[in-house]
Structure formats: structure tokens, C-alpha cells
Amino acid sequence: MDRPDRPERPDPDGGRYGEAVFRPDRTGEDARVDHGALAYDDITVRRLRALGAGPGWRCLDVGAGTGTIARRLLEEAGVASVLAVDRDVRFLAGRPAAGLDVLEADATAPDFAPGRFRLVHARFVLMHLPDHDRLLTMLAGLLEPGGVLVLGDAVDLTSDRTPATPYTTAMRAMWRGLRATIGTDVSWVPSYPHLLRRAGLEDVAAEIHVPPLLPGSPLSRFWAETWERSRAAMTATGLVDDEGVDAAVRYLDSDDCAALSAGMLTAWGRRPVGTPR
């Protein structure tokens with residue numbers, strides 16, 4: 001069986017995340033992002049607070065999306081401020097909060113240098129970008145001494161031995177289609193701890209969270225909406241056709257649904273206190 005992580009080069013005309021697929025100007029895109037956030041936000045916020053995020057912390061949230069993590073850091077952890085960065089900030093600007101600063105910028109730009117922070121966080125961002133090793137090192141360089149870098153990205157849990165269902169067929173097609181279209185690549189995500197250590201961070205650790213995939217849940221709605229937006233990329237792989245995508249959406253809402261969602265690997269490391277700026 002073909003594997004979804006087969007090396008393929010992204011289409012040079014495919015654009016980036018938010019261009020060829022997942023365009024922010026498409027109706028309902030903010031709701032799709034929020035559905036995913038409902039599945040993963042609790043574990044992310046719990047980890048950030050366990051790492052010490054709290055009063056006095058100045059935080060940077062890269063690829064902040066609709067700003068759910070930024071606002072929870074302010075409201076629940078009581079951090080001093082959050083700078084939320086995204087290439088398109090329409091969802092952030094539409095939901096202001098005290099202590100939330102919004103910056104429309106491309107974090108991959110060579111001159112991206114918004115300051116120094118006690119916490120730098122990026123979730124479901126680097127997996128969509130090339131040159132992730134350089135970007136991780138750049139993000140580590142935005143930490144003040146003692147600051148923490150926290151990264152989260154998807155882990156594909158399908159394998160050659162995963163039972164063939166409409167869901168697994170659609171997931172394989174999605175990963176391959178997104179890689180060929182916009183360069184999404186989750187195959188390197190398990191190397192986060194190694195990359196964090198190589199960036200000079202200490203106290204490095206990681207964990208994986210796999211939310212339940214239940215009929216009618218926000219996560220099921222997230223995958224259904226994600227497949228709809230990436231349908232062209234999925235069917236172009238030849239692994240699934242339109243009927244197969246429709247069958248997968250129906251499967252998500254059926255009592256027959258028995259599958260593992262993509263996991264989220266969260267890894268973190270701390271900048272040594274003695275590191276010069």
C-alpha cells in the first residue's frame with residue numbers, strides 16, 4: 001500500500017497554506033480552525049501553564065489563527081501580554097482582548113524579529129513550512145534567557161497495518177495531497193526534541209495527545225471541513241475520488257466510526273539563563 005509520507009515535491013504553483021487551500025477569506029474558515037482548537041486547546045494550555053506561563057510573562061504566539069491560545073493565556077494564565085502573529089490577522093483583529101497585540105507578518109521572512117519573549121509558541125505552523133530546522137532555530141533565538149519555546153504539530157497515526165476504512169483512506173490522501181500542493185510534511189515532527197537540543201535549548205521534553213474521534217464532535221467537524229477544503233488536492237493523488245471523500249465524511253458521523261485522529265506532538269525546551277543575547 002502506498003504511504004502518505006512518500007516524498008513528493010510541492011507544486012510550485014500551489015502556493016502556501018492559506019493560498020491554495022485553507023484560504024482565510026473562505027466562508028466558515030474561522031469556524032473550521034475553532035473546531036480544531038476545541039480538540040487541542042485544553043492540552044496546550046495545560047502544558048503552557050505547567051511550564052510556568054503566568055503573571056509577568058511576555059508571550060509570542062506564531063501562526064495564532066483565531067487567537068484561542070493567546071486569549072486563554074491572558075484570561076486563564078494571567079500573562080502580561082501576548083503578541084499574536086499571523087500572515088492574515090482578520091480573525092485576530094475581529095476578537096480583541098486586553099493585553100493582546102496583533103501583528104500581521106510572515107514569520108519566515110529573514111527580518112522577522114519582533115523582540116524577546118518569556119514564551120514563544122507555535123502550533124500547527126512549522127508542519128506547513130519548508131526549512132523547518134532554520135525556523136525552529138530562529139524561534140529559539142527570540143527567547144529571553146530562561147524563556148521557553150513550545151512547538152506543537154500533527155503526527156500521522158495511519159500505517160500499513162491500519163484497517164482500511166473511508167477515514168484512513170481520506171487521511172492518507174489528505175497528507176499526500178497537502179504535501180504535493182503546499183508542502184505540508186509531518187514526517188519530521190517526531191524529531192522535535194532533537195532539533196530543540198540542537199538549537200541550544202535545555203530541559204527538552206515532549207508528549208503526544210490523541211483526542212477521541214467521536215461522531216458529531218468538533219474534531220469530526222474539523223476533519224470533514226478540512227477534507228472539503230482540500231478535496232481537489234486529495235483527489236489529485238489518485239488515492240480517493242469525490243465519492244470516497246463523501247463516504248469518509250459520512251463515516252465520521254456514523255456509529256461505525258472507530259479510528260485514531262491525528263495526534264498532536266508538543267515539544268518544549270528552555271533557553272539557558274547564561275545564554276548571552
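This is a predicted model: local features need pLDDT of at least 70, side-chain atom pairs count only at pLDDT 80 or more; totals for chains, interfaces and linings use all residues.
Residues are numbered from 1 along each chain as its sequence is written, and side-chain values use heavy atoms, with hydrogens and water left out.

Although not a glycine, Phe22 has a positive phi of about 60°, and at 5% relative accessibility Phe22 counts as buried (under 20% relative accessible area, with exposed over 50% and partly exposed in between; 1.4 Å probe, protein chains only). Asp131, in the loop between β4 (117-123) and α4 (132-140), is likewise not a glycine and has a positive phi of about 55°; its relative accessibility of 44% makes Asp131 partly exposed.

In α5 (residues 166-182), 14 of the 17 residues are buried, so the helix is largely enclosed by the rest of the structure. Just after α5, Gly183 takes a positive phi of about 90°. Pro166, Tyr167 and Ala170 of α5 meet Ala247, Ala248, Tyr251 and Leu252 of α9, contact meaning heavy atoms within 4.5 Å. By class, this contact of α5 with α9 comprises seven nonpolar, no polar and no charged residues, where Ala, Val, Leu, Ile, Met, Phe, Trp, Tyr, Cys and Pro count as nonpolar, Asp, Glu, Lys and Arg as charged, and the others, Gly among them, as polar.

Key:
Axes are lines fitted to C-alpha atoms, for helices over the stretch in contact, and angles run from 0 to 180 degrees between N-to-C directions. Helices (H or I, at least four residues) and strands (E, at least two) are DSSP runs, numbered from the N terminus.
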